[in-house]
Amino acid sequence: MDHQLMRHLGSVRYGGASVGECLAAAAQIRDADPASWIETFAEAGRRQSEDAAMRADKGHAISARDQYLVACNSYRAAEYYCPMDDPRRLEYGLASRQAFLGAMQWDEAACAELWFSHEGLRLPAYHVRRARSAGDRMLMIVSGFDGTLEESYLAYGRPALERGYDLLLFTGPGQMDTWRFNETSHFAPEFERVGRQAVDYALAQPGMDPRRLALMGISFGGYFASRIAAHEPRIRALVPNSPITDLHAYMTSFIGLDPATLSESDDFSVADLAHIPDTVMNAQTRAMSRNLMLRFGRPTFSRTYRRILDFRLSEDELAAIRCPSLALVGDGEGAEPLRQWQVFQDAVGGRCTPRLFTAQEGADAHCQVGNLSLSAAVAMDWLDETLQTI
């Protein structure tokens, strides 16, 4: 759970948490026990939301906004470890969303709730416009396997707003935000279908300069964003963090085997997880395996990984990415993420600027969660320089 704690601590820079409350929560959580994590962060979210509401009632706008943002992120953390079919997941996910919207009521930026669609699914999105915005440039952000719209705002949205970008935070099938409004939703490799709707919306905004539309993908969103850019020439700058060109190779590298090749006798389903002893698979790993199968919509672990084989970018698709790109990765992410980072650089059709974050910078972990301010500075400064020269 160390990475998830660091993820929460990393949000301190842009108002998603406090160091003291993170350490207090960690002291209450039993290692590799999702139940204690869920209870601890859900209770923190309730306490922080109540405090925010009290400050709002007294007209303390900045304090109310800041406390709602902290509550939003605590509920997100509780949502993270909830099984997808656990009613508490929906409760905490919606509480996170409501806390975010509560914060935005007290913010100078204007936040509009949007809905895109995909095969009958309602896909939530936010359009955030800074105060006194000219509206001529926009950063679109899509997150990954377990990130949320609200977390994307805390990690990169706020620094983008500070630098004069309007935001379009959007999501697709299978993602956490989509599950809040759809009882079942499964990841789809053809993410450009969602991306096209988002681009259409962005370019239809008054004053929007079509030469100033950028796209960032976070974690699994590195695949989604790259897939969109390969099929959508209206994207003028791309930031994959990190580039994922082959999700199957990426994921199997972390477990040291290919579950797609499991024999029928070794394979297991969601129902089987309850009967696997802790000595074979601890509670945290069971929870993650359960969510993986449910999110990809496959009945067994092996079939899930066979589905994951579809999430890859061909050589032609990579070559079709002709806009400038900034490829981000941490040097502690592992050999396969670093390999795919290099593949992306070598294969894209446009100019690619690589950036490797290091342990000395405190940014070597996945998506630079330990130093989001540096990651944001690198990404936003590159966007400023790139979009000025197009």
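Ile-38, Ala-42, Arg-46 and Ser-49 in helix H3 meet Arg-88, Tyr-92 and Ala-99 in helix H5. Contact here means heavy atoms within 4.5 Å. By class, this contact of H3 with H5 has four nonpolar, one polar and two charged residues. Ala, Val, Leu, Ile, Met, Phe, Trp, Tyr, Cys and Pro count as nonpolar; Asp, Glu, Lys and Arg count as charged; the others, Gly among them, count as polar.

This is a predicted model: local features need pLDDT of at least 70, side-chain atom pairs count only at pLDDT 80 or more, and totals for chains, interfaces and linings use all residues. Residues are numbered from 1 along each chain as its sequence is written, and side-chain values use heavy atoms, with hydrogens and water left out.

Helices (H or I, at least four residues) and strands (E, at least two) are DSSP runs, numbered from the N terminus. Two packed helices are described by the angle between their axes and the distance between the axes. Axes are lines fitted to C-alpha atoms, for helices over the stretch in contact, and angles run from 0 to 180 degrees between N-to-C directions.

| Helix pair | Angle | Axes | Crossing |
|---|---|---|---|
| H3 (residues 34-57) and H5 (residues 87-104) | about 35 degrees | 11 Å apart | left-handed |
| H1 (residues 2-10) and H4 (residues 61-81) | roughly 160 degrees | within 11 Å | right-handed |

A crossing is left-handed if the near helix is turned anticlockwise from the far one by less than a right angle, and right-handed if clockwise. H1 and H4 are roughly antiparallel to each other, a label for angles over 145 degrees. Gln-4, Arg-7 and His-8 of H1 make the contact with Asn-73, Ser-74, Arg-76, Ala-77, Tyr-80 and Tyr-81 of H4. That contact has three nonpolar, four polar and two charged residues.

Now the backbone. Most residues other than glycine have a negative phi, and most peptide bonds are trans. Glu-119 is not a glycine, yet has a positive phi of about 50 degrees. Glu-119 sits in the loop between strand S1 (110-118) and strand S2 (121-129). Glu-119 is exposed, with a relative accessible area of 64%. Gln-368 also has a positive phi, near 55 degrees. Its loop runs between strand S8 (352-357) and helix H15 (372-389). Gln-368 is buried, at 0% relative accessible area. Buried means under 20%, exposed over 50%, partly exposed in between (1.4 Å probe, protein chains only).

The peptide bond from Asn-241 to Ser-242 is cis, with omega near 0 degrees. Ser-242 lies in the loop between strand S6 (237-241) and helix H10 (247-255).

Definitions and conventions: Parallel < 35°, antiparallel > 145°, perpendicular 65-115°, else oblique.
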